[in-house]
Each structure stands twice: as C-alpha cells, then as structure tokens.
Amino acid sequence: MIQAGRAKELMRLAIDEAKKSIVEDQGVHPYVGAVIAGGDGQVIATAHRGETGSGRHAEFIALSKTAEAQVDLADAELFITLEPCTARGPGKTPCEQRIAESGIHRVHIGMLDPNPQILGRGETALRWKGIDVERFPSELIRELEELNDEFVKVHREAHLPTTSLYVTTQIYDIILQELQREGLDIKELPYDWDVSICDLVQYCRFFYSESIPWDLDDMLHRVRGSAFDKKYADYTYENDARGLIPEWRDDFLSIVARIGLGSLNDYRVINVGIGNGTEGDGLLDEIAELTLVDVGPLSLKAAKARLPRARTFVADGEKLAPIRASSQDVYMSLRTYQSSYFDVVSGVREAYRALRPGGLFVVSVANAFVSDGDAIVPGLVIPNTSIVDRDRPFEVAEKIRRQLTIMRFEDVGIHSGLTEIYVFGRRAM
C-alpha cells in the first residue's frame, strides 16, 4: 500500500495530467488525468483525456499503456481525477469494467462525476467488485471542481426526492416546533454547518433573552433528544443505503481488523448514538460488555429490546456523564458525528476520556443516500434543502481526524467505505 505522503504526490500528478486534457469538440467535457503506480509508489503510467485520440478516456489510455508494456498490475494503484464511467456508447467498454479487469486492487478517485447517470455508480461498482476505493482529500476535490467548473454546471446539483425522510423531516424544524410548544417565543434557529448544541443555547440567550427560561440548556438537550426520537425511533433500512449494501458491516469490521483487535466480542464496547439499535443487528449481538448511549429515550428503549444484554444510558455524545473514565476498550459512533447540532470537538474529547489507554476509536460519517429506489447519491444533505453536498462528508471526517491528532491519538486514519467514511485511531498508551 502506497504511503499517505506519496499518495498525495501522485494525486497532484494526476491533477497535472488532467490540466493537459485535449477537448475533442465544441461541447463541454471534463478535464481528466490518470496515474498508475506500483505498490512502492513508483509511477508506471500517466495519461490525460484525449492524449491518444479524440474523446479517449484517461483510464483507458493509462491501462492501454500498461497492457502494451505487459506490466503486472496486481500491486498497482490507480489515481484518477474523475469517477470512472459506468456506461459508454455501443461497442465501448465502461472504464469501471476495464479497471476491474486490469487487476488493480486500489483506486483513488478525485471528484465524483456530476452526471446523475453516473454520480456514485462508478465508485460503487468498483467496491462491489472487491476493489478498495479511497477519495482525494477535500482540498484537492475542490481544486478539481474548479478546474471542471463548466462541466459541473452542465449537470444540476444532486437533489433528493422531496418525499425523502431527509428532506421532509429535518431536525431543525422539529426542534423549533418543540421549543414553540414549550412556550418559547422563538421564530427561527441557526442551521448552518458546524452549529453545535452549545451554539444553539447561546443563540437563544442572545436573541430571545426575554422569553428564555433559566433551564434553557437542559431544555434544549431534552428537545434535541425528542427531535431525534421523532425522526429515527422507528427508522428502518428500507430506504437506506445500508439496506441496499449490507456489506457496510464488513467495512466497519475491516477497521477493527486493521487496528489488530480481533473479535469485538472480547472487549468492552460503547456505542454512542445507537438510535433504535438497527445497526447492531449482526454486529453487536454477541458482545457481553456492551454499553449503548443515545439522546433519544424512545430510540434507546428500542435498542435495548434488540440488544437486551447491553447497558443503556440516555446521554449526550458530547457529555458521557454516566461513563467512567478509561472504562472502555472500543468507542464506536456510526453516522452520528455529522448530525445536526452535534459538537465534534466535544465528542472526540469525551471519547478520549471514556477509552482506556490503547483503546480503539471508530467513527463513521454518512456518505450515501438512496434516490429513485436503488440509486446511491453520495454526500450529505445541506440543512433545510434537498441538495446533496458531495464534499461535506469528507470535510466532517477531516475535522474529526484533526481533533484526534490534537488529542494525540495514534494510528489515525480515514477509510472511505461503501455507505460511509470511517475515521479511526487508538488512544495513546
């Protein structure tokens, strides 16, 4: 596996190749570059769109070069600035198929193809075929989207259907309604990215001081729990990417294996943000020392019914008051850290406090929605819209990673899975 520093150099080399792309006609086409490197990080082939013929894709050109040179790609990695296509014209083979047949075992993708017919499908197809897929860092993705600005504009932003739960039922709206039901004369709340529950408390005190009760902090935390209950207490995977891709559990377990812990059943595990416990099926059933935490009492009651051996606590992920310091071997929190009004920094600090020295931290950030029945749309929904932001999951993951580094976690890493992005590390001894 190519080391992180060298991998980033190869990503930049691929971007340099993309800038050389040759436009085949007056239409709007993407700038695409490809680099194939061996496991030692040495470049095997480079290519850019149109390099050897009008409209030829960069992946096809790079793979053709290696085929002509009869290079064994068993240990090779591909760095491609645009998600590989999944459909071509008559008689042409999609790039994702060519990559899968080449023997390449790991692919690093820059920006996803904004074309709704391809968006997310190329990445998913490679994963289904057993290829490890990672994404470029968010700053390089932004650079690529700027390079391909016209191409991105041609295709509309990805939208979820207006009937999607993530559009019709948003935490912002529920909290505002709950506060008004409590008698508070509050007309609106902030809902931008990175607004935490503490920010919410201060906002209400600053702008609605005359109607704010002395116990506002407790009230807002309670109302937040109620809001998540209303949205997720009865949640199922029927219209969830995890329902279409049950292998997400294998992604999580691969992180545990990578860190060298073996079976989760042998450890004291805490799951923060368990919801109604659906994610525990087939994953947490056999853990003898399992602790479940959630802000929603109704959700937690459902989780207890699914996982009866577990201890349960209604508590905030940012303040795990019932959990003793250094009492857990594994801290996990799946698809919680991107939640509305969640404080990532406080969450990581509490994880550090709860973990024993050497304990494993694994958090995931949601990165897949279901649209039109079986189409996977990568990204996170922008609050109070139906628009899906493709880069936001990676920005959240990077924020978690930075906080782990600040807290001096070791073996810190990011893994892009089938339905979510995982951030992991080990508390220093």
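1. A quick word on terms: two strands pair if DSSP finds at least two bridges between them, and strands (E, at least two residues) and helices (H or I, at least four) are DSSP runs, numbered from the N terminus. Glutamate 410 has arginine 426, in β16, as its bridge partner. Strands β15 (residues 410-416) and β16 (residues 420-426) pair in the antiparallel sense over five bridges, and a hairpin of three residues joins β15 to β16.

2. Please keep in mind that this is a predicted model, where local features need pLDDT of at least 70, side-chain atom pairs count only at pLDDT 80 or more, and totals for chains, interfaces and linings use all residues. Residues are numbered from 1 along each chain as its sequence is written, and side-chain values use heavy atoms, with hydrogens and water left out.

3. Now to the open sheet: its five strands follow the order β2-β1-β3-β4-β5, with mixed pairing. The edges are β2 and β5 (132-135), each with a single partner strand, so one side of each is left without a neighbour in the sheet. Strand β4 (residues 106-111) runs parallel to β5, joined by four bridges; valine 107 has valine 133, in β5, as its bridge partner.

4. Just after α2, glutamine 70 takes a positive phi of about 55°.
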